[in-house]
Amino acid sequence: MSHLTPYARAHVAGNDERPQRPGSDAADLLHLLATVRRRWRLFVAIAGGFVALIALATLLTPKSYTTTVRLMAGRPSSEGPRGGDTALPVLNALVLQSGEQSSETLAELAQQRDIASSVVDTLSLPTSPQGLLSHVSVKPIVNTPLLNLNVSWSSPERSAQIANAFADAFIDQERNFVKSEAVAALGFLSKELPRAELRMRQTSARLAAFQSAHGFVDAAAHEQEVITRMGSIDQRIDQLTVDKSEAATLLANVNGQLASMSSTIDSAQQFAPDPVAANLRAKLSDTQTQLADAQGKYTPSHPVVIALLRQRASLLALLAAQPSSIVSQTTLAPNPLYQSLQQQASGYRARIDGEQAQLRALLAERTSHVPAMNALPSQLMEFATIREDAARAANVYNALAQKNSDALVAKMTAISDILVVQPATADSATRTPSLVINLAVALIVGLLLALAVVYVVEMIEHRSASADVARRLGLPVIARIPDFSTTNRRLLPWAQSMTIEAFLHLCVTLRLKNRRTLRTLAIVSPCRGDGKSTVSYNLAKAMSTLQTRVLLVDADLRRPTLHEKAACPNVIGLSDVLRGSTSLGDAVQTIAASLDILTSGAPVSNPVVLLETRLAELLKCAQASYEMIIVDAPAMANVTDGLLIATHVDGTLLIVAANSTDEREAHNVVAQMAALGIDNVLGIVANRDTARVNDYGDYFTRSSGVSLTGGAA
């Protein structure tokens with residue numbers, strides 16, 4: 001895929017019709033593959049030449065053979081005060097020195113000039129010690145005590161011999177260093193051992209005296225004992241206080257019950273008939289007799305009968321309320337519940353007295369332990385200091401004694417802390433440079449280099465060939481619309497004026513070339529994003545200043561945008577007129593003097609059918625009212641709407657965008673129109689041209705009579 005003349009990428013007036021095309025990454029890849037296919041000879045020549053060059057350089061480069069001796073570094077750690085300082089700086093240095101050295105340190109020690117000099121003298125090598133070191137490298141293996149001693153030489157046998165000799169020389173040097181180290185340590189230790197022993201005895205005696213004076217051996221156990229004893233006393237005091245409070249509460253409850261209770265009770269009673277009840281029964285019997293006589297003599301309403309009835313009722317009520325018997329004699333006895341409560345009260349008082357006595361004894365005991373508790377921190381601190389001094393003195397003495405033994409052993413044996421794990425052999429030598437590896441790398445780099453060169457050549461040829469748009473598409477360029485979306489304030493006024501003049505120039509060109517026959521004009525483009533709708537809108541505005549009546553029609557029924565640029569509603573429009581649901585006069589809107597617009601209208605499912613059957617009739621009807629009709633057609637790369645529209649108009653303008661329009665699709669569009677017999681293509685409008693002030697001088701001013709979208713007024 002190539003593009004047209006490399007104009008600026010910015011829009012002419014606004015960012016219209018430039019969506020991100022789906023599958024752009026795949027399209028770029030396909031474009032790159034197509035470029036490689038077209039220029040496969042150049043691609044193969046560059047990639048193959050690079051691989052051949054690397055292969056030749058590899059074959060001509062002198063071969064070098066590398067062998068490796070694997071060493072293990074480190075010595076067994078000895079007992080002593082590791083991880084902490086002692087009181088003697090020299091001993092601290094010995095402890096640190098005798099620790100395991102890092103692999104990185106040993107790697108640096110192995111590459112010394114005196115070791116290289118020893119190997120040169122031993123093997124009679126024709127090089128200097130410094131020259132030998134340039135062939136030797138020692139690398140530690142991460143997180144292990146292993147070292148790899150590598151030697152590169154022109155022959156594998158000599159390389160292995162030098163590597164083994166170098167390892168032996170390094171081990172001998174370490175052995176001599178250990179021996180000299182042991183002799184120096186023995187001189188120091190012979191003086192320090194007696195002093196360390198004396199100090200150890202003094203601190204041990206001081207510790208024993210302190211333990212004897214204070215009656216404990218272990219400070220932690222003593223502290224725990226004192227704290228436990230005090231805690232036990234406090235716990236018992238708290239328990240007795242609670243028990244005492246509970247007993248006092250129970251005693252108060254018992255005393256309250258005793259106060260409300262009698263100390264004696266009635267033990268026996270004798271009963272006799274009630275004399276009042278006997279008297280009432282006698283009177284009742286007389287009244288009954290009198291009532292029977294009166295009822296035999298008189299009627300029930302007679303006063304005598306009524307009086308006797310009332311007397312009988314009164315006697316019956318008195319008799320019912322009177323007991324039949326009464327207590328004639330009562331015998332008193334002690335109350336057993338009262339006596340039980342008295343016994344409980346006595347028990348509670350005895351309990352309270354006992355608990356009070358225990359509390360006094362515990363408080364006295366606690367008071368006696370307070371001095372020991374208060375003195376505990378100072379005793380523990382003093383004990384810790386004395387014990388630490390004794391432990392440090394013992395550690396120093398033990399460390400010195402151990403170092404003395406180690407130094408004696410090292411002096412007698414002089415064992416190095418470097419060990420050969422695997423010697424070097426000529427069979428294991430690796431050769432450099434490797435032809436296979438270099439060819440693999442060269443192939444990858446050559447392919448990338450060939451791709452880059454082919455792409456650059458394609459771009460250079462494309463840019464140089466894009467200058468002649470008319471020749472490449474077979475159509476004349478009748479206008480160039482410059483780009484004025486620039487941040488250069490000096491350039492912006494001229495760019496705007498140049499843009500306005502470009503549209504006016506396009507209008508004049510169309511009028512002079514097609515004065516009589518051009519009444520309807522279609523604006524098409526190969527792809528979306530070429531600026532077709534913006535050119536249509538600004539061309540209509542510019543043409544409305546030269547002609548009395550201009551109609552702008554948005555025939556893009558799939559993705560309309562003109563109503564947004566004109567800031568007008570899109571309720572009814574072209575689709576409604578084509579369907580016959582509204583008239584042309586009702587659907588047209590006026591947006592400027594001498595300029596009307598017919599928007600796309602309601603969406604339709606099949607715009608091709610409407611455009612094929614009704615568009616010609618609509619354009620013929622519109623010509624009765626308008627001198628010029630400009631139709632904004634859809635992009636022609638993906639749909640056929642633009643081809644149908646081009647067959648119904650007097651002329652067609654092809655809009656291409658600089659450095660944006662797909663040249664191949666533009667060629668396809670032109671070829672397709674020619675194949676269908678569409679011969680009304682007037683030419684090409686190159687959109688987004690580069691605005692250059694020097695090309696126009698002072699012809700343009702900062703103002704113009706035409707107002708374009710985003711341009712000057």
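Buried is taken here as under 20% relative accessible area, exposed as over 50% and partly exposed as anything in between, using a 1.4 Å probe and protein chains only. Helices (H or I, at least four residues) and strands (E, at least two) are DSSP runs, numbered from the N terminus. The model is a predicted one, so local features need pLDDT of at least 70 and side-chain atom pairs count only at pLDDT 80 or more, while totals for chains, interfaces and linings use all residues. Residues are numbered from 1 along each chain as its sequence is written, and side-chain values use heavy atoms, with hydrogens and water left out.

On to helix 10. Its buried residues are Val305, Leu308 and Leu315. As a rule, an α-helix has 3.6 residues a turn, so residues three or four places apart point the same way. Helix 9 (275-297) is included in what covers the buried residues of helix 10, with contact meaning heavy atoms within 4.5 Å. The face turned away from the buried side carries the exposed Pro303, Arg310, Ala320 and Ala321.

Between strand 2 (136-140) and strand 3 (146-153), the loop holds Asn143, a non-glycine residue with a positive phi near 65°. Asn143 is exposed, at a relative accessible area of 78%. Ala567, in the loop between helix 16 (562-565) and helix 17 (574-579), also has a positive phi, near 55°. Ala567 is exposed, at 71% relative accessible area.
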